[in-house]
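Here is a short tour of helix packing, ligand surroundings and backbone angles. Please have a look at the structure first, and then read on.

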Amino acid sequence: MADSPKTATLTIGENSYELPMKSPSAGPDVVDISKLYGSAGVFTHDPGFTSTSSCESTITYIDGVKGELLHRGYPIDQLAEKSHYLEVCFLLLYGYLPSSVELEKFETTITHHTMVHEQMGNFFRGFRRDAHPMAIMTGVVGAMSAFYHDSTDVNDPRQREIASHRLIAKMPTIAAMAYKYTIGQPFVYPRNDLDYASNFLRMCFAVPAEDYEVNPILSRAMDRIFTLHADHEQNASTSTVRLASSSGANPFACIAAGIACLWGPAHGGANQACLEMLREIGTVDRIPEFIARAKDKNDPFRLMGFGHRVYKNTDPRATVLKKSADEVLELLGVDDNPLLQVAKELEQTALNDPYFVEKKLFPNVDFYSGIILEAMGFPTSMFTPIFALSRTVGWISQWKEMISDPALKIGRPRQLYTGETLRDYVEIENR
Ligand code: CMC
C-alpha cells in the first residue's frame, strides 16, 4: 500500500493531529489511525467496521457501487464462465493464473488429499443423526488438528502449505460425510478419477447398492457455485478466521471458527433461510404480504437473499447464478419450478419498490443459489455446508497472506466502556 501525499487532520478541542493517509491500488484512500491512541489518547469507534479497514490484502477487491468483484484483478463473471474452481483456488492462493503444468500438479495434489483419516468416521458417529451438517462440520474441522498435527505449526511455511492443501481437498469429503451421516447412509469414499465437483456430487448422492453416473451439466453447475463463493474479502467469517489466527492458533481451529461464523442467517446461513422463505411464500400472489412485512419496522422479518453491506448495486455473483438457475432447471426439465417463479417475481417486485430502491437493496449471492442446489437434490440443510466448503480456499488464502506478513500483530480491538466504574464489593447479606 503506497503512502498518500494527502494527510488528514483531526481536531480535538484545542489540539490538532495530522494523520497519515494511504492509497490502495483500487478503492477509497484510508486514514491511518494506528498511532492515534499513542498521540491523542483517544480511540475511534466503529461497531460493525462500517468505515474501518482491518488489514492490507492483495487477494480480492469489491467495488460495491459498480457491483464488481475481482479476484487478483480478474472479474468473477469471467472466472465463472472461463475458469473452474481449482484454477480459482490456485489463483487465490498463489496470486496468478497457473500454467497447465502448474495446474495439473495442483489438481493432482488436491485429488490425492481428499480422503480423511479413517478414524474420523468414528468421530462422525459420535454426533446425533439429526444434527445440522454445519454443526458437524464445525466440530469435525476443528478436530482435524487432532488428526493432522503434523501440519499445525504455523511458523513453518511447508506445514502451512500442507494444511492448506488438506483443507481444500478434505472439505468436500467432510461436507458429504456430514450429509450421509444425517440421512443414515454409508459414507462414500472419494475417487481420484473424478474432478473436484463431480467427486463431491458422487460422495453426496452415490450409494453402494448401485452405480452412480455424475451428470456433467450438474457437475459444471456445482463447480460454478463453488467458484462464485470462493472468496469475498473481509466478510464476517473471513475476519473471524483472521482474528482467530492472529493469536497463532492452528489453521484447522481457525477455519472451524470461520465455519461457525458463516452459519449465521445474516451471512452464509442466508441461502437456507432464503429457500425456506421462498417455500413459505409459496405462490406469487402472497409476495405483496411478504414485501410489506420486510418493510415493516415492527416486524423482524427481512427479505432473505436481499441486501449487502458492500454491494449497493447488483451482486455480480447473483447475476451469474440467476442465469445458471435458468439453465440448470431447464436441463433438468423443471423450469416450471414454482420457487423459481416466486423468486423472479419477488426480485422484480422488490427492485421496483421505493423502499428497496432507496436503501439500495439488491439480490445477493444467496438469492438464486438455493434454487439450483434444491434442483440438484440437496436438502436446505446442505446449502450452508456447500458455501463453507467453497469459501475454505478464501479463508485459507487470507490466513496464508496474514501469517506470512512480518508485521503480523494479534488482533485486539478496544472498546467504548459504558459499564459501572470502580465500586466496593457488597457482602451477600447486605445486598
Ligand atoms: N430486507 C428488508 N430490509 C433490509 C434488508 C432486507 N433483506 N437488508 C437491509 N434492510 C434495511 C435495514 O432494515 C436497514 O433499514 P434502516 O436504514 O431503515 O434501519 C437498511 O436496509 C440497511 O440495512 P443494515 O442491516 O443496516 O445493513 P447491513 O450492511 O448491516 O446488513 C445484511 C447487510 C446482508 C446483513 C442485510 O442486508 C440482511 O440482513 N440481509 C438479509 C440476509 C442476507 O441475505 N444475507 C446474505 C448476505 S450475502 C452472503 C454473505 O455475506 O454470506
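Are helix 6 and helix 7 oblique or parallel to each other? Before the answer, a word on the source: this is a predicted model, in which local features need pLDDT of at least 70 and side-chain atom pairs count only at pLDDT 80 or more, while totals for chains, interfaces and linings use all residues. Residues are numbered from 1 along each chain as its sequence is written, and side-chain values use heavy atoms, with hydrogens and water left out.

The axes of helix 6 (residues 133-147) and helix 7 (residues 157-182) cross at roughly 140° and come within 9 Å. Helix 6 and helix 7 are therefore oblique to each other. Here, angles under 35 degrees count as roughly parallel, over 145 as roughly antiparallel, 65 to 115 as roughly perpendicular and the rest as oblique. Axes are lines fitted to C-alpha atoms, for helices over the stretch in contact, with angles from 0 to 180 degrees between N-to-C directions. Helices (H or I, at least four residues) and strands (E, at least two) are DSSP runs, numbered from the N terminus.

On the side of helix 6, the contact (heavy atoms within 4.5 Å) includes Pro133, Ile136 and Met137, and on the side of helix 7 it includes Arg166, Leu167 and Lys170. By class, this contact has 12 nonpolar, 1 polar and 2 charged residues.

Helix 7 also meets helix 8 (residues 196-205): their axes come within 8 Å and cross at roughly 20°. Helix 7 and helix 8 are therefore roughly parallel to each other. Among the residues that meet are Ile168, Pro172 and Tyr179 in helix 7, and Tyr196, Phe200 and Met203 in helix 8. The residues of this contact divide into 10 nonpolar, 1 polar and 1 charged.

Now to the ligand. The table gives polar contacts, meaning pairs of N or O atoms within 3.5 Å.

| Residue with polar side-chain atom | Distance to an oxygen atom of the ligand |
|---|---|
| Arg302 | 2.9 Å |
| Lys359 | 2.7 Å |
| Asn364 | 2.9 Å |

Finally, the backbone. Most residues other than glycine have a negative phi. Lys360, not a glycine, has a positive phi of about 55°, and its place is in the loop between helix 16 (354-358) and helix 17 (366-376). Arg72 has a positive phi near 50° and lies in the loop between strand 5 (68-71) and strand 6 (74-75).

Notes: Nonpolar A, V, L, I, M, F, W, Y, C, P; charged D, E, K, R; others polar. Polar contact = N/O pair within 3.5 Å; in protein donor to acceptor, adjacent residues only side chain to side chain.
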